[in-house]
Amino acid sequence: MMETLVQRAMKKDAESFIKLMEEYRQPMKKVAYGFFQNEEDVADVMQQTVLDAYEHVGKLKKAAHFKTWLIRILINNCNQLYNSKKRMLTGVETAEKTYVDEYPWENAFFSLLSMLHKEDRVIFMLYYGEGYTTKEIAKMLAMKESTVRSRIHRGKEQLRSHMQGEEWI
């Protein structure tokens with residue numbers, strides 16, 4: 001069924017594309033929150049991703065790769081916004097809202113993720129939040145699979161250290 005929707009969307013069927021975006025809204029939101037902790041930035045990158053995906057969906061080679069393709073666009077948009085904000089913010093702290101969703105356990109997950117470096121947060125979100133394999137993540141992020149595995153390991157050690165230390169209490 002999903003591949004049929006993708007094939008229709010590839011032929012610029014707006015209704016099918018909208019259904020796909022509704023289907024993948026939550027996974028996209030989770031990945032975006034791996035980069036940003038405020039709703040405005042997440043909304044901005046998601047909106048840009050939807051626009052980019054609709055504009056280029058006809059260029060998708062295989063319908064089965066739609067979700068990976070969509071998440072890759074999202075990650076690129078997150079990196080662009082992150083880098084532009086980093087250039088704009090010259091040491092100025094911004095107030096950030098935390099992610100609140102209908103699943104309370106996700107608040108704890110995002111709280112833990114915020115302790116990691118940006119690059120590691122994305123990998124954790126893709127691996128633990130979305131269930132991608134290390135091989136798939138490596139392809140999406142254009143890095144070696146061994147690098148993905150080592151960042152997962154390093155991140156787990158960092159989280160373990162935070163949870164055992166006073167910072168977690």
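The model is predicted, so local features need pLDDT of at least 70 and side-chain atom pairs count only at pLDDT 80 or more, while totals for chains, interfaces and linings use all residues. Residues are numbered from 1 along each chain as its sequence is written, and side-chain values use heavy atoms, leaving out hydrogens and water.

**Salt bridges**

D120 and R151 form a salt bridge, with their closest N and O atoms 3.9 Å apart. D120 is in helix α6 and R151 in helix α8 (residues 145-164), so the pair ties together parts that are 31 residues apart in sequence. Helices are DSSP runs of H or I with at least four residues, numbered from the N terminus. A salt bridge is a side-chain nitrogen of Lys or Arg within 4 Å of a carboxyl oxygen of Asp or Glu. Side chains of opposite charge can pair when their charged atoms come close. How many salt bridges does the structure hold? There are six.

Next, select K67 and E130, whose side chains meet in a salt bridge at 3.3 Å, N to O. This pair links distant parts of the chain, 63 residues apart: K67 is in helix α4 (residues 66-88), and E130 is in the loop between α6 (118-129) and α7 (134-141). K67 is partly exposed at 23% relative accessibility, whereas E130 is buried at 16%.

Then go to R160 and E157, a salt bridge with its closest N and O atoms 2.5 Å apart. Both residues lie in helix α8, three residues apart, about one turn of the helix. R160 is partly exposed at 40% relative accessibility, and E157 is partly exposed at 38%.

**Helix α7**

Which residues of α7 are buried? Select T134, I137, A138, M140 and L141. Seen down the axis of α7, the buried residues fall within an arc of 165°, so they line one face of the helix. That arc is taken from the directions from the helix axis to the C-beta atoms. On the face turned away from the buried side, select the exposed residues K135 and K139. Just after α7, A142 takes a positive phi of about 55°.

**Aromatic rings**

A search of the whole structure finds six aromatic pairs. Select Y24 and F66: the ring centres are 5.8 Å apart and the planes are at 40°, so this pair is tilted. Rings of Phe, Tyr and Trp (its six-membered ring) pair if their centres lie within 6.5 Å; planes under 30 degrees apart count as stacked, over 60 as edge-to-face and the rest as tilted. Y24 is buried at 12% relative accessibility, and F66 is buried at 1%.

Last, select K12 and Y54. The charged end of K12 sits over the ring of Y54, 4.6 Å from its centre; this requires NZ of Lys or CZ of Arg within 6 Å of the ring centre and within 35 degrees of the ring normal.

Notes. Helices (H or I, at least four residues) and strands (E, at least two) are DSSP runs, numbered from the N terminus. Buried means under 20% relative accessible area, exposed over 50%, partly exposed in between (1.4 Å probe, protein chains only).
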